[in-house]
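Below are my notes on the model you sent. They are set out as numbered points, to be read beside the coordinates.

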Amino acid sequence: MNPRAIAAWSLAALAIAVSTNNPVYRAVVALCALNLILARGRPGLRLRPLLVTVAVAAAIATVVSLLLSHTGTHRFIEVPGDVPLIGGAITLESLVFGLVTGLGIAAALLAVAPLTLVADPYDLVDALPPFLARTGAAIGTALNLIPTMARSAADIRDAQRLRGWRPRRVRDWPDVAVPVVLTAVESSITLAEAMEARGWGSGPRTHYLTAPRWWFDVAVAVSALLAAAAFLALRASGAVPDWYPFPVIPPLPVNPAALACCLVLILPSLGPDTR
Amino acid sequence: MDALSFAQLGYAYPGAGHRALRDVDLTIDCGLTLLTGDSGSGKSTLLRVCNGLVPHFHGGVISGRALVFGQDVTRTNTRRLARDVGFVFQDPELQSVHARVERDVAFGLENMRVPRGEMRARVDEALHLCGAEALRERSVATLSGGERQRVALAGVLAMRPRLLALDEPLSQLDESGARALVAAVAAAMERGTLAVVAEHRLALLRPLAQRVMEVSGGRLSDSSDSDAGPAMHATALTGRPGERPSPNHAHVRLHGVAAGHPGAVVLASVDLELSGGEVVAVIGNNGSGKTTLLRTIAGLLAPLQGRVERTAGRVAYLPQNPTTLLHRRTLRSEIEWTLRHGGGGGAGADAVDATLADFGLEHVAERYPRDLSTGERQRAALAAVLAGSPALALLDEPTRGMDATAAARLGRAVQRLAATGAAVVIATHDHDLATHVATRVVETRDGAVQEQTVMAAAPA
């Protein structure tokens, strides 16, 4: 898929996910994002790291909300009030609130995941508008340097350990941190030298490859952005109100138009596979 | 018009107390010119004048005249000179701009605003010249060092420079990678491209060279008639290759060790014994498991199967890029740090001075290590790691970027270390080092570690 279409889709999905706390809409966004990643993910993609990250982030949000919200009618247990922060009632309503918060974080993470799991990050950087092209190239080059720096950091840590380094105190860490940073800076300078030696900075550049632009990509981008705009308009008009499970859990209101806006996000998963 | 014309060229880096180039007169109008000389002599600086990195990128003070294809280097920026002079650096990992080979090769063409329609043909041509067509769709991160260096050369050749400037391009390559790169340079020269190459590993390049110039203390002299090259390197190392010492208690034993990462076994069922007093050279192509073996012996990598037994005593480990370890303000304090932390009997001035003398670094003891030349930094890192007489020393490509004199000094230091009872293991492409310093040679190949009983002759 065209990286700009993916970027537009992610922006729309993120806008919907963060603008509402209704779990129905958040769940639909999350499922559409997951479907997109499964249908259009780059070859060789491993989903486990993403799913673990999302699950951990959502779980943390859930637990924090559960322990810090002490309102609600249906109480599980009562933590003594003199316990800092978490003292008070642990309620069903606060559990639901925590789950909805966790779902929001999951939806937001999944909404932006296609930027790296469906699009090639380098294609994405290349797709930046001309006035951001140099910044994009610098970012792309930095992305290239990251694996090298990660290996270098591990090597430095291992070798310093064998020289006798033992991190017993915070002030021991500069013995690893300093060479890592210095090496990163030197590597950046060397890479800059190499780029300059190949004519970088001569002015506007031509492009070897451009991402194919296909009518379907245009349809995905336009429909996603329109759907997000419509959803936000519905929110602004009050047709899609906030939802809170306090003091008792109310029924979940679902606006058909708002739901339709969320379901539009399934579109990129349905198109033909051009991989 | 000469391709390159330097007259009374002088140069000093910003803030340096001495000139890196002095009164250099050089004219290049054909073929390949080889630049030799000790580390820190000015070879890299001289190369960087060819494409304007000196003075435009590095600053400093330049004097004399420097013309490249009639263009005054002091008045023509690097970006403009890049159209005529292609530069390949020493480190293959720090030249890639894009993640994919094809895109990376096209980078220079994009900067030159070559029309898209023409780019593809030029990328094809450059990859073909470097024997790298099969790498086109590959991710740069998956390439070996030799492959990356060829891709770097392709990226430069795509720009169709009239002159190639190569700064120690073979230093990090194994034998096959070095041969492939030299073949690519030869192919480019057949098309009329001139080349100037700074290198310590001269065996493969010397047959191609029209001239050999020696750089010493920033001054240039013609040494085309002298017998520079591997013979000098070999004799400088002296020696008699170490004889296998009488059995000493084993420092390290590997029993049925499989090494690598889960899902990617690099070495299988390794049985190896290393005794005090031995110097064991580990040879093998890139990716064959030399570094994995060293890291497993050091305890940095847990064996996937089998066990590793080590006797007590400090383990010194020199990684492939050891200069990354340097972080103190002076070389002296760097060595003191190791002696203090490593329990090597204290950080007394005598111990530090002895280490500096072992590696010929007395004159740079008070300098910031990262400001030293490539070869001096390599020696500085060795000194920092080996200070304090470790019981087991594991060195990964220690002579990378080193000139013959420094390599010889390292060889003697290694032999002295072994004489104290330490076991020394060296992973190396340096055939001369393995031949003249090692008491044993093992080869990593096809997932196994095989004892070599006879060293093949060094390539002519």
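**Notes on the predicted model**

1. Over all chains, the structure holds 36 salt bridges, a salt bridge being a side-chain nitrogen of Lys or Arg within 4 Å of a carboxyl oxygen of Asp or Glu. This is a predicted model, in which local features need pLDDT of at least 70 and side-chain atom pairs count only at pLDDT 80 or more, while totals for chains, interfaces and linings use all residues; side-chain values use heavy atoms, with hydrogens and water left out. Residues are numbered from 1 along each chain as its sequence is written, and chains are lettered from A and ligands numbered from 1 in the order in which they are written.

2. One of the salt bridges is formed by B:Arg295 and A:Asp158, with 2.8 Å between the closest N and O atoms. B:Arg295 lies in helix H9 (residues 290-298) of chain B and A:Asp158 in helix H7 (residues 133-162) of chain A, so this pair joins two chains. Helices (H or I, at least four residues) and strands (E, at least two) are DSSP runs, numbered from the N terminus. Both B:Arg295 and A:Asp158 are buried, where buried means under 20% relative accessible area, exposed over 50% and partly exposed in between (1.4 Å probe, protein chains only).

3. Within chain B, B:Arg122 and B:Glu118 form a salt bridge at 2.8 Å, N to O. The two residues sit in helix H5 (residues 116-129) of chain B, four residues apart, which is about one turn of the helix. B:Arg122 is buried at 7% relative accessibility, whereas B:Glu118 is partly exposed at 34%.

4. The salt bridge between B:Arg136 and B:Asp124 deserves a look, with its closest N and O atoms 1.9 Å apart. This pair links distant parts of the chain: B:Arg136 is in the loop between H5 and helix H6 (145-157) of chain B, and B:Asp124, twelve residues apart from it, is in helix H5. B:Arg136 has a relative accessible area of 14% and is buried; B:Asp124, at 30%, is partly exposed. Elsewhere, salt bridges with shared partners join A:Asp155, A:Arg157, A:Asp158 and B:Arg295 into one network.

5. How many residues does each chain bring to the contact? Chain B gives 60 residues and chain A gives 50, counting contact as heavy atoms within 4.5 Å. Between them the two chains bury about 4,900 Å², 53% of it on carbon and sulfur atoms; buried area is the accessible area (1.4 Å probe) that two parts lose on being put together, summed over both.

6. Ten salt bridges are counted between chain B and chain A. Among them is the one between A:Glu193 and B:Arg48, at 2.7 Å from N to O. On the side of chain B that touches chain A, helix H4 (residues 101-111) of chain B gives the most, with ten residues. That side divides into 28 nonpolar, 14 polar and 18 charged residues. Here Ala, Val, Leu, Ile, Met, Phe, Trp, Tyr, Cys and Pro count as nonpolar, Asp, Glu, Lys and Arg as charged, and the others, Gly among them, as polar.

7. Chain B is assigned domain 1 (4-228) and domain 2 (237-452), with bounds from an automatic or database domain assignment. Their centres, taken over C-alpha atoms, are 31 Å apart. In chain B, 14 residues of domain 1 touch twelve of domain 2, and the area buried between these domains is about 1,100 Å², 44% of it from carbon and sulfur atoms. B:Ser39, B:Gln172 and B:Asp174 supply 43% of the area that domain 1 buries against domain 2, more than any other three residues. Between the two domains of chain B there are zero salt bridges and three residue pairs in polar contact.

8. The peptide bond between A:Phe246 and A:Pro247 is cis, with omega about -15 degrees, and so is the bond from B:Val54 to B:Pro55, with omega near 10 degrees. B:Asp446 has a positive phi of about 55 degrees although it is not a glycine, and at 74% relative accessibility B:Asp446 is exposed.

Key: Polar contact = N/O pair within 3.5 Å; in protein donor to acceptor, adjacent residues only side chain to side chain.
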